[in-house]
Amino acid sequence: SLNCVEWSLLPPATEEMVAQAEQLKGRFQGDPSFEYEYTEINAGDAERLFEDGKEPMIKEESRLVATIEQIDRAVGIIPRGAFVKTPLGSVCENRNFEGLSLTEAKKLSSYFHFTEPVNLKNKTLLEKADLDPSTDFLDSLEHDIPQGSWTVQLEKGGTVVVLRSLLWLGLTFYHVPMTKQYGYVYFGTGEKNLDLPFML
Amino acid sequence: HGPYQPHEPGYGLYQPGYSPYDDQIPDPKSRMLAIQNAKAFLLKSSTTSGLNLYDHLASMLTKILDEQPTNAVDIIENISKDVKWAQFQKKMDTLRDEHEILPTFEAAEKRKALFLKANGEGDEELEEEIGESPLPNVMETAFYFEQAGIGLSKDESYHIFLALKKLISVQPIQTCRFWGKILGLEMNYIIAEVQYHEGEEEEETEEVIEEGGKGMGEVEDEDEKKEKEDEPPKSTYKPPPVIPKEENGTGANKYVYFVCNEPGKPWVKLPPVTPAQIVCARKIKKFFTGRLDAPIVSFPPFPGNEANYLRAQIARISAATHISPIGFYQFAEEEGDEEEEGGGGRDTYEENPDFQPPSVAEMADSLSTWVHHGQSILEQVCC
């Protein structure tokens, strides 16, 4: 929505959209039907694209959808224990989740990425033995590359813990320890911070 | 078989005339006895915890029927655990937990100092100063920014207001403004832009110059020694002349900035900025950690630590983005002397009492209704 009054449904993201959107740089225009032209295309890509007969234009709408998908996939996080895996394999909300404790909330290892786990199988057997299969089935934030791409801060006298991502500037996650409240929100320009390793 | 004792398995089942091995359905009497037996078993108290299963099941079922959770069978174990845990409110313990000092409490203690008045003498002075208070109305500006969609929470704005009040009571300040907040990795910075009364803070610069003079003397001695020992070919490289730092109170150093990590912590003054620092700050991009003494590791190497980098960034931001509607400020009444100095006379401006704000539509449409009222930093970093 552009004015919080009229809302339009965005199409779901496809891999192709995401791949195309990654090549675009610069700010969003604010107009969903704006069309970007590729300015830098490899020779190989250009041939492929022109063979199909399609022009290399991408609408801002698709770029928006792809960016949302990328953000969710990369930095969408939940506290440990908020979701459990049933023996049947499906993931569902843990109704008994009562929040993390204060000490746990300050540690990065108590937050997980809410997407298909990538690093889980790479752990050593020793580490795997310690995992609880019902709650520890996602990637933890500890092993994010580069090290230190999350900042943890306590706000409001220590009652709220706020995590901010430095890879996608503007992604903020909050959690009130010992309660069920948590959530994340993104306010930003929609650009990945590629300078991150230099800025740390 | 004699009459069975209660502890024997056949108790209650055996009735005269019937044997336990009958295939017939036992008659109601024996069923009642079976039920009573089962209940007696359930009522048996556990030897470890003093609870009995019967009461526990009863309370669990009561809880379920009261709350009617969906899919109760999936969380039945947790309900059982919760019911048992609820018993822990016993007052039987004669020991009491030591009153835990929560970190929230400690944080609140620090902020408490903000809320107290400085001292009793302050009351009389306050009456005199009400006319021209340098204290900005942080809550009002916060309200306007909130309308625009940017801001800090009300709590935080109020704490900042109190912290600024403290700052003013400590330092001899003429004007003060809440400049903003910069987010850092470990801690954040809250920044206040301040202007001193005339002639208040020139002492510090003199000290710095003296120390610089001594440093130069030592370096020259060493150079002479080196020349006598061995004479490698001297490079003809002359570093570009160091651009002189601007005087405090003019140009990029017009305002003095104070920072603190959180309202309630002491305010720290940032050192004045040098042109070399601004030049370097334009080339690097680093996150702030939140500690003012942290070194900045970068290429090109930044001359200074985080406090200098912060000051340089503040200077760049202020110079580039401080704007006001056209006509709001006008130059101070010019005297003859200022015109002779040339461009140097345009440092001061004051509010235009005849300012008529143009309509909102006009201001939002074009950018020509807004002007910079700060001086922008030129390439060679003088204003």
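Let's start with A:M178, which is exposed, at a relative accessible area of 55%. Exposed here means over 50%, buried is under 20%, and partly exposed lies in between, using a 1.4 Å probe and protein chains only.

A word on the source: this is a predicted model, where local features need pLDDT of at least 70, side-chain atom pairs count only at pLDDT 80 or more, and totals for chains, interfaces and linings use all residues. Residues are numbered from 1 along each chain as its sequence is written, chains are lettered from A and ligands numbered from 1 in the order in which they are written, and side-chain values use heavy atoms, without hydrogens and water.

Back to A:M178. Its phi is near 65°, positive although the residue is not glycine. Where does A:M178 sit? In the loop between β9 (171-175) and β10 (182-186) of chain A. Strands (E, at least two residues) and helices (H or I, at least four) are DSSP runs, numbered from the N terminus.

Now the sheet. In chain A, 4 strands make an open, antiparallel sheet, ordered β7-β8-β9-β10. β7 (150-155) and β10 of chain A are the edge strands, each pairing on one side only. Pairing requires at least two DSSP bridges between two strands.

Look at one pair. β7(A) runs antiparallel to β8 (residues 160-165) of chain A, over 6 bridges. One contact to find: A:Q153 has A:V162 in β8(A) as its bridge partner.

Last stop, chain B. The peptide bond from B:F299 to B:P300 is cis, with omega near -5°. B:P300 lies in the loop between α9 (275-283) and α10 (306-321) of chain B.
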